Amino acid sequence: WEGWAGSLTRKTTVIILGDGRGNRNPPQVWALEGIRRRAKQLLWLSPESRSSWKMGSCDMPLYEPVCHHTEVVRNLQQLGRVTEDLLRRSVARP
């Protein structure tokens with residue numbers, strides 16, 4: 001956050017790739033909220049199913065409401081679909 005927050009603008013799309021597990025570290029939701037405020041879009045792609053987000057040390061239940069969009073992406077077909085949706089939305093919203 002400290003090193004890159006200044007480079008975020010209302011034209012920036014931030015894509016986070018990860019399972020949303022903090023490995024016992026604090027979730028730092030405030031930083032994600034700051035990214036959302038500055039960026040045009042905040043998209044999180046997770047390899048884990050939504051049902052596993054409620055288990056163990058997963059912080060996705062905290063992160064999902066902050067993001068503009070969250071998706072489960074476990075293969076190239078899903079990644080392609082998410083990419084097409086993202087491009088379609090960016091064309092629809094100038």
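Hi everyone, let's start with a helix: H3, residues 76–92, lies across S1, S2 and S3 and runs at about 170° to S2. Please keep in mind that this is a predicted model.

Now to the sheet under that helix. Three strands make up an open sheet, ordered S1-S2-S3, and the pairing is parallel. At the edges sit S1, residues 13–17, and S3, residues 69–72, each of which pairs on one side only. Direction ignored, neighbouring strands here are turned by 15° against each other on average.

How many bridges join S2 and S3? There are 4, in the parallel sense, with S2 covering residues 41–46. If you'd like a spot to look at on screen, find leucine 45: glutamate 71 in S3 stands opposite. H1 also packs on this sheet, where it touches S1 and S2, and the direction of H1 makes about 130° with that of S2.

That brings me to the largest pocket, which holds about 160 Å³ of space. Which residues line it? They are Ile16, Pro27, Gln28, Ala31, Leu32, Ile35, Trp44 and Tyr63. Helix H1, residues 29–38, supplies the largest share of that lining, with 3 residues.

H3, meanwhile, lies across S1, S2 and S3.

Conventions
Residues are numbered from 1 along each chain as its sequence is written. This is a predicted model: local features need pLDDT of at least 70, side-chain atom pairs count only at pLDDT 80 or more; totals for chains, interfaces and linings use all residues. Side-chain values use heavy atoms; hydrogens and water are left out. On a 1 Å grid over the protein atoms alone, a cavity is a set of points where a 1.4 Å probe fits but cannot get out, and a pocket is an open set with protein on both sides within 12 Å along at least five of seven lines; lining residues have an atom within 4 Å of a point. Grid points are joined across faces, edges and corners, and a volume is the space filled by probe spheres set on the points. Helices (H or I, at least four residues) and strands (E, at least two) are DSSP runs, numbered from the N terminus. Two strands pair if DSSP finds at least two bridges between them. Axes are lines fitted to C-alpha atoms, for helices over the stretch in contact, and angles run from 0 to 180 degrees between N-to-C directions. Contact means heavy atoms within 4.5 Å.
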